[in-house]
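Here is a short report on how one protein chain is put together. Look at the structure first, then read on.

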Amino acid sequence: GKRFVGTMINAYCIAGVISALLGVGAYFGLLPFRDQLLLAGRARGLFKDCNVYGPFFVPVALFALTHILRARSTWRERIAPVVAMVSAVLAMLLSFSRACWINFGVALAVFLVGQVAFPGLQIHLTRQELGRRIGMSAGILAAAAISIAFLMAVPAVGEMLSARITSSGMQNYDRVRFATQSLALETAGKRPLGLGPGQAELNFDYSTHSMYVRILSENGIIGLLALLAFIGATMARSVSAIERAEDPWFREINLVVLACIAGHLINSLVIDTVHWRHIWFIYALPWAPVRMRKYPIRVAAWLPRIESNGRAVFAAPGYTGR
């Protein structure tokens, strides 16, 4: 299980680095085919939409950060993940997706808080190693903040940021999005079983720009509840793996998954994310058949003795007879 999961994660991160270099390289004029790799001055690489391109790198950055923080990793082993993380952060910034930035901020916060909040992650760490990991996290955040500040000094980047972040925090098309969401919610009230998959654009002439509103309008309340139940079960599975997985590596991977899901749930408020292929890869990781630590099964002492033909076949712990 570990080898398979590790191979899939490495493939995802390699694809992410290649895509990041395409988008960032085209943005700074280092690569040809800028018309294909950029969209309205925003990096998109080989993706159709910048708002999908940016969030693709959230898992890449956190997987890389996990490797960088691993206490026993040497500096030589950290070179590749540092390159991956820097590439991912640059690609997210140059996608100029506001939802992506919030997504990454939430995911990073959950990841860093989880480092000290989950006892299961600290079992294999000494106090010195834990302190080193926290200090390294602070150093990485400081270096990232300084790098972003220098990057924002580039005129093209500064101009795009000014265009994306207005005094009201809204673009003109944001009002169209909110109007469409209002219409979709009104329609969902009239059609509680939904319009049917893929019918939002046909009925509203515009995307809903919200995973929750899309699912509600297309698949109805049952579809939305089913999706939320799956997401909740996956998050519960991640938490269980963080505390119970035998391999410390798989615990750390599930913390990344939990953080990415938290960011994705926020991102989904303003973007139709249900069609993102990469997010379903993240949701699948906690369900990988990786061994958990065994726990004794405890049964309440008041459970009665079960007999068959006068012979005891089961008795609750502590049972002394009738």
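## Rings and helices

Phe 56 and Phe 57 are both buried. Buried means under 20% relative accessible area, exposed means over 50%, and partly exposed lies in between, using a 1.4 Å probe and protein chains only. The model is predicted: local features need pLDDT of at least 70, side-chain atom pairs count only at pLDDT 80 or more, and totals for chains, interfaces and linings use all residues. Residues are numbered from 1 along each chain as its sequence is written, and side-chain values use heavy atoms, with hydrogens and water left out.

**Aromatic rings.** How many aromatic pairs does the structure hold? There are 12. Rings of Phe, Tyr and Trp (its six-membered ring) pair if their centres lie within 6.5 Å; planes under 30 degrees apart are stacked, over 60 edge-to-face, and the rest tilted. The ring centres of Phe 56 and Phe 57 are 5.6 Å apart and their planes stand at 90 degrees, so this pair is edge-to-face. Phe 56 and Phe 57 also belong to one aromatic cluster with Tyr 12, Phe 47, Tyr 53 and Phe 281.

**The whole chain.** The protein has 13 helices and four strands. These are DSSP runs, numbered from the N terminus: helices are H or I with at least four residues, strands are E with at least two. Of the 322 residues, 46% are buried. Contact means heavy atoms within 4.5 Å. Take the contacts between residues at least 6 apart in sequence: 67% of them join residues at least 24 apart.

**Two helix pairs.** Two packed helices are described by the angle between their axes and the distance between the axes. Axes are lines fitted to C-alpha atoms, for helices over the stretch in contact, and angles run from 0 to 180 degrees between N-to-C directions.

| Helix pair | Angle | Axis distance |
|---|---|---|
| Helix 6 (residues 98–117) and helix 7 (residues 127–152) | about 160 degrees | 10 Å apart |
| Helix 4 (residues 57–69) and helix 12 (residues 248–267) | roughly 150 degrees | within 10 Å |

Helix 4 is therefore roughly antiparallel to helix 12. Angles over 145 degrees count as roughly antiparallel, under 35 as roughly parallel, 65 to 115 as roughly perpendicular and the rest as oblique. Helix 4 and helix 12 cross in a right-handed way. A crossing is right-handed if the near helix is turned clockwise from the far one by less than a right angle, and left-handed if anticlockwise. Helix 4 brings Val 58, Pro 59, Leu 62, Phe 63 and Thr 66 to the contact, and helix 12 brings Glu 252, Ile 253, Val 256, Ala 259 and Cys 260. Eight of these residues are nonpolar, one is polar and one is charged. Here Ala, Val, Leu, Ile, Met, Phe, Trp, Tyr, Cys and Pro count as nonpolar, Asp, Glu, Lys and Arg as charged, and the others, Gly among them, as polar.

Helix 6 and helix 7 are roughly antiparallel too. Their crossing is left-handed. Among the residues in contact are Leu 108 and Leu 112 of helix 6, and Leu 130 and Arg 133 of helix 7. The contact has six nonpolar, two polar and one charged residues.

**Two buried residues.** Gly 220 lies in helix 11 (residues 211–244). Its relative accessible area is 0%, so Gly 220 is buried. Gly 220 and Leu 195 are 25 residues apart in sequence, yet 7.6 Å apart in space, C-alpha to C-alpha. Thr 187 lies in helix 9 (residues 172–190). Is Thr 187 buried or exposed? Thr 187 has 17% relative accessibility and so counts as buried. Leaving out residues up to four places away in sequence, Thr 187 touches Leu 195 and Phe 204.
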